[in-house]
Amino acid sequence: MLRIRVARTAAEVDALRSAWESIDSEQGTIFQTFRWNRLAASIFADREEPYFVFCEDDNGVAIIPAVIRQQSQTIGFAGEALFDYRDYLACGDTAVLERGWQELASLGLPLTITAICEPEAAIWNQLPKTFYSRSPRLSPSEISAETFAQNHARAFSRLRKLERMGLEIRRYSGVDQIVRSIYELRSRQSIPGELFHDRRRVDFIVTACAQEASLCEVFTLQHGGTLAAALITFCDRQFRRFYTTYYDRNWARYSPGVSLLFEIARRSLAEGRSFDLMTGEQSYKLRIAQTAQDLFTIAASADQLRELSPATYAAEHAA
């Protein structure tokens, strides 16, 4: 018997926790975890009304973390502008997942989701998609920490110069007060329209870092009480995911942020961990990376969504 539940509030999302965590232990990134999506459903509810679809029967289970964007009246996925990789969670019979998409199609709204990193999977392969960007990456299977340091000797020479000037690298966890300080500094440097000029986004990511605790690693270049640069990362399966960098513009001539990034990339390789530079092909990322993951935008009209779901669902049952 098929069971369908739609969670419209953060409190209703709580009821999905057990099933959600049983799936995301097997798949997805940090952006598919219950804790990140539940937090987004709470903090951004007035911008993106939760419409999380949960479907389950004896042969499968699926969770689609959908939201209705209030300003544009479109369907998206939770996380506002702060989730890099979007996806649903599902296991078992794909008919359960497809029934969840029928539920979304019944809203009669267009769908736009950025950025999908598994475009050939299930539904994504049947919806219109366009290339969006790449996420540069570095893997210990491709290059050793020693070779990486040799290949970027100039960057590490700059780091040694900073250390001779009295700066040292320090490490904190996501629960440390320095996280809010970093994002407050980022906010002060930003202009309207930039990501962390928005107070709600700052509150979200500071809370997310605290939730991750030791899985959120904060690296800084400091001289006494002076914070020259900072890097906020998340340990996620085999990856250390680079999320935010900050640097004091008074130190800009010494490139402390980039120097710190190179060093944490080297440490990741030495630890046997891949380093994900996340969405965007900025030149400093491309200097570090060996490979890149293609990311896509999915955009479908309400009619395309309606046409997709019943057809695929019927075909699955006819097979």
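In the predicted model, the largest nonpolar core contains 49 residues, and F204 and I205 have the most contacts inside it. Apart from its neighbours within four places in sequence, F204 is in contact with W36, L39, A40, I43, F44, L82 and F83. In soluble globular proteins, nonpolar side chains tend to be buried together.

Burial was also examined for helix 9. Of the 15 residues of this helix, 11 are buried, so helix 9 is largely enclosed by the rest of the structure. The buried residues are P256, G257, S259, L260, L261, F262, E263, I264, A265, S268 and L269. The length of helix 9 was compared with expectation: at 1.5 Å a residue, its 15 residues should span 21 Å, and the end C-alpha atoms are 21 Å apart, which agrees. Helix 9 is followed by G272, a residue with a positive phi, near 80°.

Helix 9 also contributes to the lining of the largest pocket, as do strand 6 (111–116), helix 7 (178–189), strand 11 (239–247) and helix 10 (283–288); each of these elements supplies at least two residues. The largest share of this lining, 6 residues, comes from strand 11. The pocket has a volume of about 910 Å³. In total, 32 residues line the largest pocket, and R186, L195, Y243, T279 and Q282 lie nearest its centre. By class, the lining of the largest pocket consists of 17 nonpolar, 9 polar and 6 charged residues.

The second largest pocket holds about 230 Å³ of space. Its lining is formed by 15 residues, of which G28, T29, D87, C117 and E118 are the closest to the centre. The classes are represented in this lining by 5 nonpolar, 5 polar and 5 charged residues.

A search of the whole structure for cavities of 30 Å³ or more finds 1. The largest cavity contains about 40 Å³ of space. The residues that line this cavity are F31, Q32, N37, P65, F77, A78, F83, Y85, R86 and D87; by class, 6 are nonpolar, 2 polar and 2 charged. F83 lines the largest cavity and is in contact with F204, while D87 lines the largest cavity and is among the residues closest to the centre of the second largest pocket.

Key: Residues numbered from 1 in each chain as written. Predicted model: local features only at pLDDT ≥ 70, side-chain atom pairs only at ≥ 80, totals over all residues. Heavy atoms only, no water. 1 Å grid on protein atoms, 1.4 Å probe; cavity = no way out; pocket = protein on both sides within 12 Å on 5 of 7 lines; lining within 4 Å. Points joined across faces, edges and corners; volume = space filled by probe spheres on them. Helix = DSSP H or I, 4+ residues; strand = E, 2+ residues; numbered from the N terminus. Nonpolar A, V, L, I, M, F, W, Y, C, P; charged D, E, K, R; others polar. Expected span 1.5 Å × (residues − 1). Buried < 20%, exposed > 50% of the residue type's maximum accessible area, 1.4 Å probe, protein only. Core = buried A, V, L, I, M, F, W, Y, C linked by side-chain atoms within 4.5 Å. Contact = heavy atoms within 4.5 Å.
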